[in-house]
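This briefing concerns the structure shown below.

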Amino acid sequence: MKKIVMFAAALVAAATVFAGGAKDAGAKKVEILIGYENNPGEPIDLACQKWKELVEKNSNGTMKVTLYPSSQLGSKDNIIDQAVNGDAVITLANGAFFQDRGVKDFGVVFAPYLFQKWEDFDKLLASDWWKQKSKELETQCNLKILTAWHYGARHTITKTPVSHPADLKGKKIRVPNNVMQVKGTSAIGATPTPMALGEVYTALQQGVIDGLENPLPVILNGAFQEVAKYLILDGHILDETCWVMGTKFFNTLSPEQQKILIDAGNEAGAFNNQILERTTTEALEALKKAGVIVTEIDKAEFEKASESFYNDPEIKKMWSPDLLETMHKIVK
């Protein structure tokens, strides 16, 4: 209830600024809310602070950005719904969520172990395929991709030791609420449990779930190491996340404001990508100091276990027949 009240108040504030600006002789003034699940101090949060700073500076006061970390605006799905409805909100999402929203082929970016290095995503983002799918997202789902940032390699932390895929059998692993991660987690034998990130700590405490997967800085800043002590560096997904805004609101911005928002997002994204490797290394050391046991695994064994994902009839039905071949051509 508290989150809903805060969200409603924030939207009223944004609308007030927007309405007041309409009376100005100069450019209209807008307030944009950026909501995300990450906690203060994580790379994503630090980069969002940079984004806010750049937008407000470069817009000469016509654009105000307010940040809402730690799920203060609610779940990712809720914020996306608000964006689609025309509210002045931005949140981070990825191909797995875009698939569930209707652009099916976008889900391939979350296929386990398909992308091996960040350079693969650099090629993908520059491809005609990415431009086409982004346009489909706008026309079919009313979502505008503003910028794309590295989110991190996703690893798995659990309450009991894991060395092999068989050790995950029956374990309830929290995943974001999308088909791709549900299917990917099922492929290695675990029991996927969709849940908002803000609910995970308590769920671990109460035994509702047995673990979660996420980049190491997210695990550390969520303090999940306090209630789960066993980490495997399985790196099952390299997560390239996107920041999205509803097309309805985006189209109300002047061309100059649109450019400022996107250019600043790209600059902040470059900053995020630069600090990600360092903060990931620091997070791993901090987790070890907190008593987390890092278990060496045979990554090839996990890749092998994930092959069943690609033979899943539901996944095959969703995607274009030549989708994987297209991906291999782009990143070769």
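This is a predicted model: local features need pLDDT of at least 70, side-chain atom pairs count only at pLDDT 80 or more; totals for chains, interfaces and linings use all residues.

In which loop is Ser-70 found? Ser-70 belongs to the loop between S2 and H3.

**The loop between S2 and H3**

- Ser-70 has a phi near 60 degrees, which is a positive value in a residue other than glycine.
- Ser-71 is also placed in the loop between S2 and H3, and its phi is likewise positive, near 60 degrees, in a residue other than glycine.
- Ser-70 counts as partly exposed because its relative accessibility is 29%.
- Ser-71, with a relative accessibility of 5%, counts as buried, since the cut-off for that class is under 20%.

**Strand S2 and its pairing**

- S2 pairs with strand S1 (residues 30-35) in the parallel sense, over 6 bridges.
- Within this pairing, Val-65 of S2 is the bridge partner of Ile-32.

**Helix H3**

- Helix H3 covers residues 76-84, and its buried residues are Lys-76, Ile-79, Ile-80, Ala-83 and Val-84.
- Viewed down the axis of H3, these buried residues fall within an arc of 140 degrees, and therefore they line one face of the helix.
- Gly-86 follows H3 and has a positive phi, near 110 degrees.

**Nonpolar cores**

- In soluble globular proteins, nonpolar side chains tend to be buried together.
- The largest nonpolar core of this model holds 47 residues.
- The members of this core that touch the most other members are Ile-34, Trp-51, Ile-90, Trp-243, Met-245 and Leu-261.
- Helix H11 (residues 255-289) supplies the largest share of this core, namely 7 residues.
- When neighbours within four places in sequence are left aside, the contacts of Leu-261 are Ile-32, Trp-51, Val-55, Met-63, Ile-90, Leu-146, Met-245 and Leu-253.
- Ile-32, one of these contacts of Leu-261, is also the bridge partner of Val-65 in S2.
- Another core, of 43 residues, lies apart from the largest one and includes Val-108, Trp-129, Ala-187 and Ile-330.

Notes. Residues are numbered from 1 along each chain as its sequence is written. Side-chain values use heavy atoms; hydrogens and water are left out. Two strands pair if DSSP finds at least two bridges between them. Helices (H or I, at least four residues) and strands (E, at least two) are DSSP runs, numbered from the N terminus. Buried means under 20% relative accessible area, exposed over 50%, partly exposed in between (1.4 Å probe, protein chains only). The arc is that of the directions from the helix axis to the C-beta atoms. A nonpolar core is a set of buried Ala, Val, Leu, Ile, Met, Phe, Trp, Tyr and Cys residues joined through side-chain atoms within 4.5 Å. Contact means heavy atoms within 4.5 Å.
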